[in-house]
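Thanks for coming, everyone. Please have the sequence and the model open while I talk.

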Amino acid sequence: MATKFDVRNPAFFDLVPRDAELERVAGGFQFTEGPVWRDGGLLFSDIPNSRTVRWQESPEGFSVSTYRTPSGNANGLTLDHQGRLISCEHSARRVSREETDGMFTTLADSYQGKKLNSPNDVVVSTDGTLYFTDPPYGVEDLGQEPDLDFRGVYMITPDGVLHLLVDDFDRPNGLAFASDERTLYVNDSRRRHIRAFVVRDDGTLHNYRVWTDMSSSDDGSPDGMKVDTAGNVFCTGPGGIWVMNPAGHVLGRIIGDEQPANVAWGEADWSTLFVTARTGLYRIRLNTTGIPVPR
């Protein structure tokens, strides 16, 4: 089916060209997630196959290769300021970092002596602090019982100290900084909304509000999200990719063939949005510029 748009505000077309298409650039996966652009290609997760995949385009066409396997059933991926890959590993129940020798070291795998649930998504601030969500999806998929009785949002400071920031989410999932980093958006998949937290000078969070309600009769829930340089938010959710302005007003949705799980900016000008959607990888050219990773 062709790409469809659910337009709720004419400003949608300031960001999304009227003739834009979600182009399928790879397929045959089990469940794709966690895309991040690095070194002229895209890394993303194929969670059930426990592998990190690399996609690249050349004059000869698209190529797909296995970057890492097993990946600990990694989900969300990002890069730190040294360009090292940060992975949220479901089955290992940890946040890991790839070192220069190719080995992955543990950044966090427990809180107060109890194993984390299953780290899901991760972002890095300009000062190098990592923020990640910890719902129980991976634990449940493995048929295990969580050790923790809450689903948290955490930060890991540059000196490696883990801090619990918020513990009242049902299913914390995707997260992203506003363009000025004074706000951190975190969505709750079960409650189908995005919260906006004020970021204090020490990196902790306070004074949250429900920024956008993503309730819908369509299948799907808020998941991965990214922000452009103007502060607009692109979040996967019910029916497709939701596009919201900096005030949290929904401008519309981009609707494709498969339910999307996550998105990432990429290519040389950071104006291509890559979309991981179930069995496929897609991309769409936009009229806006994304925030590079690392920031």
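One definition before we start. A nonpolar core is a set of buried Ala, Val, Leu, Ile, Met, Phe, Trp, Tyr and Cys residues joined through side-chain atoms within 4.5 Å. Keep in mind, too, that this is a predicted model.

Let's begin with the cores. In general, nonpolar side chains tend to be buried together in soluble globular proteins. Here, the largest nonpolar core has 31 residues. Which residues have the most contacts inside it? They are Leu 42, Trp 55, Phe 234, Ile 254 and Leu 281. Strand S26 gives the most to this core, with 4 residues. There is also a second, separate core of 15 residues. Ala 176, Trp 211, Met 214 and Trp 242 are included there.

Beyond its sequence neighbours up to four places away, Ile 254 touches residues including Phe 5, Phe 12, Val 16 and Leu 22. Among its other contacts are Ile 241, Val 243 and Ile 284.

Now strand S4, residues 41-46. How many of its residues are buried? The count is 6 of 6. Look at the two faces. On one side sit Gly 41, Leu 43 and Ser 45, and on the other Leu 42, Phe 44 and Asp 46. Every one of these is buried, so both faces are covered.

Strand S3, residues 32-38, pairs with S4 in the antiparallel sense over 5 bridges. Arg 38 has Gly 41 as its bridge partner in S4. That hairpin has 2 residues between the strands, and Asp 39 takes a positive phi near 55 degrees. Then comes strand S5, residues 51-58, which runs antiparallel to S4 and is joined to it by 5 bridges. Ser 45 has Thr 52 as its bridge partner in S5. The S4 and S5 hairpin has 4 residues between the strands, and here Ser 50 takes a positive phi near 50 degrees.

Next, a sheet. Strands of a sheet pair through backbone hydrogen bonds, either parallel or antiparallel. This one is open, with 4 strands in the order S13-S14-S15-S16, and the pairing is antiparallel. Which are the edge strands? S13 and S16, residues 162-169: each pairs on one side only. The twist averages 15 degrees from one strand to the next. Zoom in on S15, residues 151-156. S15 and S16 pair over 5 bridges, and Val 153 stands opposite Val 166 in S16.

First up, Asp 121, in the loop between strands S12 and S13. Asp 121 is buried yet has no salt bridge. Where is the nearest side chain of opposite charge? It belongs to Lys 226, 5.2 Å away. A salt bridge needs the charged atoms within 4 Å. Contacts of Asp 121 include Cys 88, Tyr 131, Phe 132 and Asn 262.

Second, Ser 271, in the loop between strands S25 and S26. Buried or exposed? Buried, because its relative accessibility is 8%, and the cut-off is under 20%. Ser 271 touches Ile 284, Arg 285 and Leu 286, among others.

Last, His 193, in strand S19. His 193 counts as buried because its relative accessibility is 12%. Among its contacts are Val 186, Asp 188, Val 210 and Met 214. Gly 61 is 132 residues from His 193 along the chain, and their C-alpha atoms are separated by 39 Å.

That's my tour. Over to you.

Conventions: Residues numbered from 1 in each chain as written. Predicted model: local features only at pLDDT ≥ 70, side-chain atom pairs only at ≥ 80, totals over all residues. Heavy atoms only, no water. Buried < 20%, exposed > 50% of the residue type's maximum accessible area, 1.4 Å probe, protein only. Lys, Arg positive; Asp, Glu negative; His and termini not counted. Contact = heavy atoms within 4.5 Å. Pairing = 2+ DSSP bridges. Axes fitted to C-alpha atoms, helices over the stretch in contact; angles between N-to-C directions.
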